[in-house]
Amino acid sequence: MNSSTVVLGKIAKISSGGTPDRDTPSYWCGDIPWVKTAQIQNSFIHAGDVDEWITPDGLKSSAAKMVPKGTILMAMYGQGKTRGQVAILGLDATVNQACAAIELDAEVSRDYVYQQLLFRYKAIRALSNTGSQENLNAGLIREIGFPLPARNEQDYVAELLTNWDAAIEKTDQLLAAKQQRNKALSNQLLFGHVRSGHRNTKTTRALHWFSAPSDWQVVEIGKVAREVSALNGSGDGLPILSCTKYDGLVDSRQYFGKKVFGHDTSKSKLVLRGQFAYATNHIEEGSIGYQDLVPAGLVSPIYTVFQADTEKIDDGYFYKLLKTEKMRQIFAAQTNASVDRRGSLRWKEFARIHIPLPPLDEQREISAVLDEAKQEVTLLQTQLEALKTQKRGLMQKLLTGQWRVNIPTLNEVSHV
């Protein structure tokens with residue numbers, strides 16, 4: 001089977017739409033779906049994805065046009081990653097001027113072309129006009145080229161890649177569900193709504209901003225931890241650490257891929273393994289970390305470093321508690337109420353924040369349950385990345401013509 005290269009303009013009609021006058025209320029809130037680039041996210045577009053609808057008068061009075069279900073759309077404008085993304089319309093709809101509607105000839109496989117456009121995303125973005133705003137246009141899109149084998153091979157390749165997409169989507173959904181479940185589990189366990197291990201008491205009482213079982217304490221952070229203020233001194237050569245919202249403490253150079261700190265580290269603070277640190281001017285974002293990377297590292301002088309009393313509170317439980325959304329909200333409220341006009345939360349105010357404190361053995365049980373739940377998420381993330389990598393490898397081979405597929409004949413299929 002021979003495969004020739006074609007440009008999109010030879011096998012498709014490329015057009016765009018328009019926007020009804022925003023100042024004419026009678027053009028809006030109708031029953032005609034109106035699609036924008038925000039809905040073009042490398043997937044199908046369904047009615048539930050559309051957030052604006054126009055009236056027949058709005059359609060007639062503007063350049064907006066009806067596009068049939070099954071049409072491929074490409075985002076021509078858009079900041080960030082939007083420009084160059086594609087989607088398949090799952091319903092008849094109108095589109096605005098930033099959307100290119102790609103209506104293919106009947107003899108061409110829509111799903112094959114869709115996969116080609118997904119694969120060539122970076123190359124398509126590179127076609128954009130240069131200037132103050134880089135955009136695509138219908139002329140540039142018409143010139144997008146790719147191999148086009150016989151129709152039966154197009155269908156076969158498209159089916160293989162679509163099956164991979166289904167596996168990726170299913171894993172992605174499982175991951176999202178697991179992450180949501182873990183978030184709920186974390187709140188339930190850390191704030192006493194569900195007991196871990198063999199305990200199952202339902203006795204609760206209102207304590208500040210949460211409810212906790214009767215045998216839990218509510219204590220100030222300063223009662224179970226103390227500030228540590230050791231300066232660098234002769235610690236030159238130690239890794240520089242930074243605190244992030246999601247990943248906690250990280251090696252700055254490795255994480256950011258560049259040097260984000262000054263040459264003089266003489267006033268940097270020392271943070272040892274097993275200690276905690278947060279940036280006093282970013283704590284409201286949840287930027288707090290636990291140092292389990294290296295025996296010793298350095299953080300900026302604006303950081304607060306503290307250490308838990310492990311006879312009263314388990315490090316794992318403590319850190320998981322401090323990283324919850326509920327605690328982030330408390331940090332933000334305390335920062336806003338702080339007398340420090342620079343928007344910082346110093347140890348004095350931080351130490352007065354109240355936290356729930358179950359018995360030490362239950363703290364450890366809670367931490368272990370949440371660690372196991374996190375491992376399940378990590379496994380799904382690894383599986384998802386592997387599927388994406390495998391699909392990308394297949395695309396590289398199948399959509400460039402490096403690999404050709406043998407299409408089973410009807411006789412071969414009948415003997416399977």
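At 23% relative accessibility, E103 counts as partly exposed, a label given to residues between the two limits of buried (under 20% relative accessible area) and exposed (over 50%), as found with a 1.4 Å probe on protein chains only. The structure is a predicted model, in which local features need pLDDT of at least 70 and side-chain atom pairs count only at pLDDT 80 or more, while totals for chains, interfaces and linings use all residues. Residues are numbered from 1 along each chain as its sequence is written, and side-chain values use heavy atoms, with hydrogens and water left out.

E103 is found in strand β10, where the name follows the rule that helices (H or I, at least four residues) and strands (E, at least two) are DSSP runs numbered from the N terminus. Setting aside residues up to four places away in sequence, E103 touches I11, A12, K13, S15, K65, P68 and T71, where contact means heavy atoms within 4.5 Å.

Strands of a sheet pair through backbone hydrogen bonds, either parallel or antiparallel, and here two strands are said to pair if DSSP finds at least two bridges between them. Strand β10 (residues 99-104) pairs with β7 in the antiparallel sense over four bridges, and within this pairing A75 stands opposite C99 of β10. C99 counts as buried because its relative accessibility is 0%. Strand β7 is also joined to strand β8 (residues 86-89) by three bridges, and these two run antiparallel, with V86 in β8 as the bridge partner of M74.

Strand β3 (residues 28-35) is joined to β5 by three bridges, and the two run antiparallel; in β5, W53 is the bridge partner of P33.

The helices come next. The axes of helix α3 (residues 110-119) and helix α11 (residues 360-398) come within 11 Å and cross at roughly 110 degrees, where axes are lines fitted to C-alpha atoms, for helices over the stretch in contact, and angles run from 0 to 180 degrees between N-to-C directions. That makes α3 roughly perpendicular to α11, a term for angles of 65 to 115 degrees. The contact is made by Q115, L118 and F119 of α3 together with K391, R392, M395 and Q396 of α11.

Helix α6 (residues 151-190) holds L161, which is buried, with a relative accessible area of 0%. Leaving aside its neighbours within four places in sequence, L161 is in contact with Q115, K391, L394, M395, L398 and L399. L161 and R392 are 231 residues apart in sequence and 9.5 Å apart in space, C-alpha to C-alpha.

Finally, if a disulfide is a pair of cysteine sulfur atoms within 2.5 Å, the count comes to zero disulfides. Like C99, which is buried at 0% relative accessibility, C243 counts as buried, at 12%.

Conventions: Parallel < 35°, antiparallel > 145°, perpendicular 65-115°, else oblique.
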